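Dear colleague,

I am handing over the structure below, and my notes on what was found in it follow. Please read them with the model open beside you.

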Amino acid sequence: MQVLSFFTNRGLFRCNRGQKIDLSASSENENELSIREEVDKILDKCLTRDTVSGDLTANVDLSILLENAHILTKDGIYEEAYKDRINSYIIPKDIEIAEKADDMIRAFINAERKLRARLKLNYILAGATSSRLDEAINTLAESDEIDIPLIVYTEALIDKELIRCGGPTSLSEADRTSVPKTNQITLDILRMIRKRLQAELRLQAEDKNHLRLLAQLTAENNIQIRELLLKQNLIKVEDLDEFNNLLDTAIIHISENDNVEGQAGMLEKLRDIRVSVQRQQTWLRTGLQDEEDQFSTSPEDYLDSI
């Protein structure tokens with residue numbers, strides 16, 4: 001359901017949870033900018049250098065920030081881009097100017113993240129009160145709108161409700177002894193939402209990791225290296241099962257594609273990867289490397305080795 005995207009030298013890999021996987025490398029996808037590149041472009045507009053004097057100038061335009069709020073509010077992307085930018089400056093004055101620009105941009109981002117978190121939580125609460133909680137959370141997941149700021153905002157509301165019920169000393173949920181029934185219902189709903197959001201966020205991270213691994217594997221032609229990548233990244237049977245399902249979906253999608261002949265190489269590689277995954281599944285479940293790796297019950301086998 002949720003669209004996960006990342007870039008490789010083969011183009012954009014995209015997976016819609018519960019839907020098909022697009023492994024095509026179209027020119028449109030190759031030209032599409034990553035979120036990080038978009039943030040770098042925004043910083044270029046906010047921090048400009050005079051072509052004559054070479055002096056750095058801060059030009060933080062609110063309209064630019066508002067226009068790109070959906071990009072700037074992504075978890076940690078702006079912070080990472082700014083850190084790289086500030087580390088590239090050597091002149092103290094440039095650093096001072098960049099820091100002033102960052103103060104303004106970060107204030108906007110923090111306010112925007114809080115506003116978006118409030119709107120998203122209100123949307124979820126409306127769903128919860130009308131027996132559409134799953135639908136509301138799934139809609140946000142499809143739009144990649146479940147993030148840490150949303151969980152932090154939900155936790156802040158839980159703390160606020162606890163304080164309202166029992167004062168500042170009641171912040172610890174475990175120590176809460178008496179909460180009015182109406183407040184208890186509100187707390188239960190908020191806790192349930194927090195738990196669902198945390199689970200969804202973990203699932204999103206797992207999806208991204210599996211897609212990233214799939215991109216690495218399909219870009220690697222050496223079978224031994226591919227198997228090493230699998231062993232390093234998929235150490236649990238559950239992870240292997242989920243990754244095998246991802247491979248099955250990718251193989252089915254390419255097999256049903258009109259241009260299946262043009263994807264023959266990719267299809268063969270995906271099938272090879274699936275064989276490696278299934279071999280590792282067998283090893284983790286049974287401790288056997290392959291079907292021949294079994295203890296013999298024949299006395300002759302042991303006598304021959306003496």
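In which helix is Glu112 found? Glu112 is found in helix α6, residues 92–128, where helices (H or I, at least four residues) and strands (E, at least two) are DSSP runs numbered from the N terminus. Before going further, please note that this is a predicted model, in which local features need pLDDT of at least 70 and side-chain atom pairs count only at pLDDT 80 or more, while totals for chains, interfaces and linings use all residues. Residues are numbered from 1 along each chain as its sequence is written, and side-chain values use heavy atoms, with hydrogens and water left out.

Glu112 has a relative accessible area of 14% and is therefore buried (buried means under 20% relative accessible area, exposed over 50%, and partly exposed in between, with a 1.4 Å probe and protein chains only). If its neighbours within four places in sequence are set aside, Glu112 is in contact with Ala69 and Thr73, contact meaning heavy atoms within 4.5 Å.

Leu133 and Arg196 are 63 residues apart in sequence, and their C-alpha atoms are 9.7 Å apart in space.

Turning to a pair of helices, the axes of α10 (residues 223–233) and α12 (residues 264–286) come within 10 Å and cross at roughly 50 degrees; such axes are lines fitted to C-alpha atoms, for helices over the stretch in contact, and angles run from 0 to 180 degrees between N-to-C directions. The two helices α10 and α12 are therefore oblique to each other, since angles under 35 degrees count as roughly parallel, over 145 as roughly antiparallel, 65 to 115 as roughly perpendicular and the rest as oblique. On the α10 side the contact is made by Arg226, Glu227, Leu230 and Lys231, and on the α12 side by Lys269, Asp272, Ile273, Ser276, Val277, Arg279 and Gln280.

As for the chain as a whole, the protein chain has 13 helices and five strands, and 34% of its 306 residues count as buried. Among contacts in the protein chain with a separation of 6 or more, 63% are between residues 24 or more positions apart.
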